[in-house]
Amino acid sequence: MGFEGADPGTVRPGGRTARVRASVLRAAGDALAEHGFAHLDLADIARRAEVGKTTVYRRWGTVTSLVADVLVDMAEQSVPRTETGSLLGDLKANARLVQRTLADPRQGALFKAVIAAATCDAKTAEALHRFYGIRVREWAPCVRQAVDRGEVPEGTDAEEVIRAVSAPLYYRLLTSGDPLDEADADRAAEAAAAAACAGAYVRGDQRRA
């Protein structure tokens, strides 16, 4: 699930280099979670990963390219979409996956660091948008299946429904900092499902039709 036209280091290598990539990306994720984007240093990451500095500099070149590859790897490693047979069940599965990720001490801190970096670094922002694009597109079919079953109206924007599920969870992570639990996830899914069933996410052109 690599990205076409990616920067150096963002294309997934194969064979024996995969272990080096995995070690470096793990070290980069740890450093991001511990100290944030501003304090990332390629030499420190090489030390953490126990690989040569020249390997890291040659393969990734810049901190931005390395962070982009961290996001590529996170998208590749994400849990596949769950199918439960109902829109609410599918959206709850999605919400609980997001909740578990954001509530995890390491993963939650990592996402905070990357989101913060994306506000001031264009390449990190682009990588973050690509990451979420992959995740949204992976889960969107559950909404289209709900349209086919007659649970939600024709013309419902599937990707907007998926975004609506995770939005309140990220808002809570980044604003109040209150703990996230399954009840929060279920409430977000229920709200998105209810709005979708009521036609809130029908595309504008479809409403006029």
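## H5 against H9

The axes of H5 and helix H9 (residues 158–174) come within 10 Å, crossing at roughly 25°. Axes here are lines fitted to C-alpha atoms, for helices over the stretch in contact, with angles running from 0 to 180 degrees between N-to-C directions. Helices are DSSP runs (H or I, at least four residues), numbered from the N terminus. H5 and H9 are therefore roughly parallel, a label for angles under 35 degrees.

On the H5 side, the contact (heavy atoms within 4.5 Å) uses Leu91, Asn94, Ala95, Val98, Gln99 and Leu102, and H9 brings Val161, Ile162, Val165, Ser166, Leu169, Tyr170 and Leu173. By class, that's 10 nonpolar, 3 polar and no charged residues. Ala, Val, Leu, Ile, Met, Phe, Trp, Tyr, Cys and Pro count as nonpolar, Asp, Glu, Lys and Arg as charged, and the others, Gly among them, as polar.

## About the model

This is a predicted model, where local features need pLDDT of at least 70 and side-chain atom pairs pLDDT 80 or more, while totals for chains, interfaces and linings use all residues. Residues are numbered from 1 along each chain as its sequence is written, and side-chain values use heavy atoms, leaving out hydrogens and water.

## H5 against H10

H5 (residues 87–103) also meets helix H10 (residues 182–197): their axes come within 8 Å and cross at roughly 140°. The residues in this contact split into 9 nonpolar, 1 polar and 5 charged.

## Cysteines

The disulfide count is 0, taking a pair of cysteine sulfur atoms within 2.5 Å as the rule.

Technical notes. Helices (H or I, at least four residues) and strands (E, at least two) are DSSP runs, numbered from the N terminus. Angles under 35 degrees count as roughly parallel, over 145 as roughly antiparallel, 65 to 115 as roughly perpendicular and the rest as oblique.
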